[in-house]
Amino acid sequence: MRPTPNRWVILAGGVLVQLVIGAAYAWSTFSKAILADPSAFELSTVQATVPFEVAIGMIFVGTFLGGRLQDRRGPRPVALAGVVVYAVGIVLASFARDAGDLWLLVLGYGVLGGFGLGLAYIVPIAMLQKWFPDRRGLITGIAVGGFGFGAVITSPLAQALIDSSADYQRYPTKVFLWLGLAYLVAGLLGASVFRDPPQGWTVATEARTQREEEATAEGAVPEDDVVEFTPSEALRMPQWYLLTLILTVSVTAGIAFISLAAGAASDVAGLSAVGAATLVGVMGLFNGAGRIVWAALSDRIGRRQTLIAILALQGLALVAIPHVHGAAPFYVLAAVIYLCYGGAFGTLPASATSFFGLRHSGAIYGLMLLGWSIGGVAGPLLISWLVGDEGNYTLGFTVMGVLALVGVLVPILTRRPAHLRGPQR
């Protein structure tokens, strides 16, 4: 009989994979470098955003397929395939040299990169909940926290590579070759340790036993006793759509601010260009930390209460931020927005498991990430239209804040289906 792997090693592999694919969020570093020397690429600002927008749109396709394949083939082959596709896409993007090669950036960074990202992203989220049933929220938060930190690491590294050579400054896409190869090695190393727990494997802890005793005392069935639903069954339940709507609202509001954070820091808080760039880098840390902090908190106060708090704080901060003066209050409110944006990604995987069971959690949550793609595309487009050329941040951020505050009603109304508490569906 093969020895049971160390679950902490598997967690480390999951974080490494998420760090690799989370580097995709460093696109602004490359788009800025591409636009800095128009003699090479001659791309407009809109054209320079297309590869990233395509990548965000393709994430859902990858998570949808990856979640289903993981249930059938296991986590390791799906994660390995995702890492390879992602890295190949990044390497392919390195061959773009001018505006006529925009299609290479879209195909490589956008289509292949986004698809591979989605394939690899969903795997550790579902797998690690099986290894850590005693602390699902915290562990999924740590896993997706790695994704949030990916751009924080990659952005300064990529900028250093670009600045190291005049050739790279003229053709910053050449840096993708070295990054893609590094992603491939690191991603394959992390994914190589992936595997599901052996049949019948359990972990018993004092904390988990205490939670189950408390749940029993309240007349509720513990989360681990939820009925196992298939993806098709989950899609026939209103709870799946409500959870997906929560993710959509949170992503739309949060990424709307993120997409204009540097400009708002300069125009609203009066930060210099260097100060605004520094803020964006520092805020990436809060994006990653929010995935861990909120997810861990959800283990203690409950998923629904956590999601209510995330949307409420996000909405209040967005409404307030265009009215602040000075760097300090802007930093504080921006940190709250980034924390809440990351928090939804950290909390919802465990929420989906408590509703629909663990067996098909990869496929079910993979489908829910449709909200990520919708919000990731709609948020930047909507906020750019609202703010406009006049820089009307008050209108733009107020609308996004109100959207999040109205969205608080969704988790308030979202309950575990009553029939999950009995032996019959």
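## Helices, cores and ring pairs in a predicted model

Threonine 244 is found in helix α11, residues 238–259. Helices here are DSSP runs of H or I with at least four residues, numbered from the N terminus. This is a predicted model, in which local features need pLDDT of at least 70, side-chain atom pairs count only at pLDDT 80 or more, and totals for chains, interfaces and linings use all residues. Residues are numbered from 1 along each chain as its sequence is written, and side-chain values use heavy atoms, with hydrogens and water left out.

Threonine 244 counts as buried, at 8% relative accessibility. Buried means under 20% relative accessible area, exposed means over 50%, and partly exposed lies in between (1.4 Å probe, protein chains only). Leaving aside neighbours within four places in sequence, threonine 244 is in contact with Met368 and Gly371. Contact means heavy atoms within 4.5 Å.

### Nonpolar cores

A nonpolar core is a set of buried Ala, Val, Leu, Ile, Met, Phe, Trp, Tyr and Cys residues joined through side-chain atoms within 4.5 Å. In soluble globular proteins, nonpolar side chains tend to be buried together. The largest nonpolar core of this model has 88 residues. Those with the most contacts inside it are Tyr86, Leu117, Tyr121, Leu348, Phe356, Tyr365 and Trp372. Helix α5 (residues 102–131) gives the largest share of this core, 16 residues. A second, separate core has 29 residues, including Val268, Ala317, Val324 and Leu386.

What does tyrosine 121 touch, not counting residues up to four places away in sequence? The list is Gln18, Ile21, Thr63, Val144, Phe147, Arg291, Phe345, Leu369 and Trp372.

### Aromatic rings

Rings of Phe, Tyr and Trp (its six-membered ring) pair if their centres lie within 6.5 Å. Planes under 30 degrees apart count as stacked, over 60 as edge-to-face and the rest as tilted. A search of the whole structure finds 21 aromatic pairs.

One of them joins tryptophan 27 and tyrosine 109: the ring centres are 4.7 Å apart and the planes are at 55°, so the pair is tilted. Tryptophan 27 lies in helix α2 (residues 27–36) and tyrosine 109 in helix α5, so the pair ties together parts that are 82 residues apart in sequence. Tryptophan 27 counts as buried at 4% relative accessibility. Tyrosine 109 also counts as buried, at 3%.

Phenylalanine 257 and phenylalanine 397 have ring centres 5.4 Å apart and planes at 55°, so this pair is tilted. Phenylalanine 257 lies in helix α11 and phenylalanine 397 in helix α18 (residues 393–407), so the pair ties together parts that are 140 residues apart in sequence. Phenylalanine 257 is buried, with a relative accessible area of 0%. Phenylalanine 397 counts as buried at 0%.

Ring pairs also link Tyr25, Phe52, Tyr121, Phe147, Tyr341, Phe345 and Trp372 into a cluster. Arginine 97 lies over the face of tyrosine 171, at 6.0 Å from the ring centre. The criterion for a charge over a ring is NZ of Lys or CZ of Arg within 6 Å of the ring centre and within 35 degrees of the ring normal.

### Helices α2 and α6

The buried residues of α2 are Trp27, Thr29, Phe30, Ser31, Ala33 and Ile34. What covers them includes α3 (45–73), α5, α6, α7 (166–170) and α8 (175–191).

Helix α6 (residues 136–163) has 28 residues and should span 40 Å at 1.5 Å a residue; its end C-alpha atoms are 42 Å apart, which agrees. The expected span is 1.5 Å times one less than the number of residues. A kink of about 30° in α6 is centred on phenylalanine 149. The bend at a residue is the angle between axes fitted to the seven residues ending there and the seven starting there.

### Three further residues

Valine 20 is found in helix α1 (residues 7–22), leucine 69 in helix α3 and alanine 296 in helix α13 (residues 273–301). Valine 20 is buried, with a relative accessible area of 6%. Leucine 69 is partly exposed at 29%, and alanine 296 is partly exposed at 26%.

The table gives C-alpha separations.

| Residue pair | Apart in sequence | C-alpha to C-alpha |
|---|---|---|
| Valine 20 and alanine 151 | 131 residues | 8.8 Å |
| Leucine 69 and valine 9 | 60 residues | 23 Å |
| Alanine 296 and glutamine 199 | 97 residues | 27 Å |

Contacts follow, leaving aside neighbours within four places in sequence. Valine 20 is in contact with Tyr86, Tyr183, Ala186 and Gly187. Leucine 69 touches Gly74 and Val78. Alanine 296 touches Gly137 and Leu138.

Notes. Helices (H or I, at least four residues) and strands (E, at least two) are DSSP runs, numbered from the N terminus.
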